[in-house]
Amino acid sequence: MASKKLVVTGTLLVAAVALIAATQVWLSIELSEGVSAQGTLTVTGQQLSPPLAPMALALAALALALTIAGRIFRFVLGALGVVLGGGIVALTLGVLQAPLDAAAGKVTELTGIGGSDATGIAVVASSQVSVWAAITATAGCIAALLGIAVLVWGSRWRAAGRKYETAATASGPRPAGDDPAGQAAQTPEHDRISDWDALSDGADPSEVADPSEVADSGEPADPADAPEGDASATRA
């Protein structure tokens, strides 16, 4: 199974390769004598096919989006990766099939000769395509394959937020009885009215025992409140 890290890294790499390759010289044209003072014309991939660089940048953004995408959105990104990779291949192959036609506009700008004559033998003596075009096409193929990998295995990848879950969250909510804060919240404090009543009786509210403690111990808070039988037994 293709790992998420491998696919994201691979997509970023092929996007960078495609972007760099698009800015390199793809075509070198030797012009015929007397046509222009500049004997050689060099044309980059971006000049031959302007959409190449934006598509490579979109591919890089897609790779970054994969790092946070959910299961459903991964399918969308995977399909988009296939489209972008296929588009880069199609644009590159179009240039490779007819490089002079793709560069006709640049030849016209340099020589002032337009139409079919711009790429005729009277203007262009020879032309040579560099290896950068083939590199770009290869990067597009790999990008499309990585997009297919996302479509096939993307649903098995762990979502970005799951690895940050704590053990308590993963095991479910803690019962109220096991929560110290909950227990503290359930233990009522002395009521202010009771404190005032204690002051009226001449007692110190701070020394009044907690009713819950008295109930737990099973003994009365004041020996005077003990039953008569217990009091006589004590005196005896």
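Visitor: Which residue in S3 is the bridge partner of Glu30?

Guide: Happy to start there, in a predicted model where local features need pLDDT of at least 70, side-chain atom pairs count only at pLDDT 80 or more, and totals for chains, interfaces and linings use all residues. Residues are numbered from 1 along each chain as its sequence is written, and side-chain values use heavy atoms, leaving out hydrogens and water. Strands here are DSSP E runs of at least two residues and helices H or I runs of at least four, numbered from the N terminus. Across in S3, Glu30 has as its bridge partner Ser126.

Visitor: Over how many bridges do S1 and S3 pair?

Guide: Two strands pair if DSSP finds at least two bridges between them. Strand S1 covers residues 25–31, and its antiparallel pairing with S3 runs over five bridges.

Visitor: What is the strand order in the open sheet?

Guide: The edge strands, each pairing on one side only, are S2 (40–44) and S3 (124–129). The pairing is antiparallel, and the order is S2-S1-S3.

Visitor: Is H1 roughly parallel or antiparallel to H7?

Guide: Axes are lines fitted to C-alpha atoms, for helices over the stretch in contact, with angles from 0 to 180 degrees between N-to-C directions. The axes of H1 (residues 4–22) and H7 (residues 132–153) come within 9 Å and cross at roughly 155 degrees. Angles under 35 degrees count as roughly parallel, over 145 as roughly antiparallel, 65 to 115 as roughly perpendicular and the rest as oblique. Therefore H1 is, relative to H7, roughly antiparallel.
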